[in-house]
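Hello,

Here is the structure you asked for, with my notes below it. Please read them with the model open.

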Amino acid sequence: MERRKYKLYPLKKNHLFSRAYRKGKSVSSPTMVLYVLKSRERDRSLLGLTVSKKRGKAVVRNRVKRLFREAFRYHLPNLKNGYLIVIVAKQPACTAEFTVIRDEMGEVLGKATLLEDSK
């Protein structure tokens, strides 16, 4: 059986973040807002994370980013390719448990029709 490798590809370019905010579709939950835009790269999806300084000091912001990255990685095997995905943290994300973030991430990705039907 072939083992498929799932890799997280980061979104780093500022103009791509701006394009996702401007032209992308947004879906929100209590802990996050997700912006999605169809990408020119068809073979992979790029993930960008944003945590404002209003959310706390560097330790808190980095912890939230790590939790979001891991929650996204959990859903990666079912994710469709070819999208720019930007996730913006809301204030409740700073105190939320990982399981809450993971479940809300699944709901938000599902609402944005980014998850393939699992068979």
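**Surface and overall shape**

The protein exposes about 7,700 Å², and carbon and sulfur atoms supply 48% of that area. Please keep in mind that this is a predicted model. Of the 119 residues, 40% count as buried.

The protein has three helices and five strands. Starting from the N terminus, the order of the elements is β-α-β-β-β-α-β-α. The radius of gyration is 14 Å, close to the 14 Å that the globule rule gives for 119 residues, so the protein is as compact as a globular protein of that length. Among contacts with a separation of 6 or more, 82% are between residues 24 or more positions apart.

**The cores**

In soluble globular proteins, nonpolar side chains tend to be buried together. In this model, the largest nonpolar core has 28 residues. Leu34, Phe68, Phe72, Ile85, Ile87, Met105 and Leu114 have the most contacts inside it. At least two residues of this core come from each of β3 (32–38), β4 (46–50), α2 (58–75), β5 (83–89) and α3 (98–111). The element that gives the most is α2, with five residues.

There is also a second, separate core of eight residues, which includes Leu11, Phe17, Ala20 and Leu37.

**Phe68 and Thr31**

Phe68 is one of the residues with the most contacts inside the largest core. Setting aside neighbours within four places in sequence, Phe68 is in contact with Thr31, Met32, Leu49, Ile87, Ala89, Ala93, Ile101 and Met105.

Thr31, one of those contacts of Phe68, lies in the loop between β2 (25–28) and β3. Is Thr31 buried or exposed? Its relative accessibility is 2%, and buried means under 20%, so Thr31 counts as buried. Which residue does the side chain of Thr31 join through a polar contact? The partner is the side chain of Glu104, and the polar contact is 2.5 Å. Not counting residues up to four places away in sequence, Thr31 touches Phe68, Val88, Ala89, Lys90, Pro92, Ala93, Ala96 and Glu104.

Regards

Key. Residues are numbered from 1 along each chain as its sequence is written. This is a predicted model: local features need pLDDT of at least 70, side-chain atom pairs count only at pLDDT 80 or more; totals for chains, interfaces and linings use all residues. Side-chain values use heavy atoms; hydrogens and water are left out. A nonpolar core is a set of buried Ala, Val, Leu, Ile, Met, Phe, Trp, Tyr and Cys residues joined through side-chain atoms within 4.5 Å. Buried means under 20% relative accessible area, exposed over 50%, partly exposed in between (1.4 Å probe, protein chains only). Helices (H or I, at least four residues) and strands (E, at least two) are DSSP runs, numbered from the N terminus. Contact means heavy atoms within 4.5 Å. A polar contact is a pair of N or O atoms within 3.5 Å; within protein, one must be able to donate a hydrogen and the other to accept it, and residues adjacent in sequence count only if both atoms are side-chain atoms. The radius of gyration is taken over C-alpha atoms; the globule rule is 2.2 Å times the number of residues to the power 0.38. Accessible areas come from the Shrake-Rupley method with a 1.4 Å probe; for residues, only the protein chains shown count as cover.
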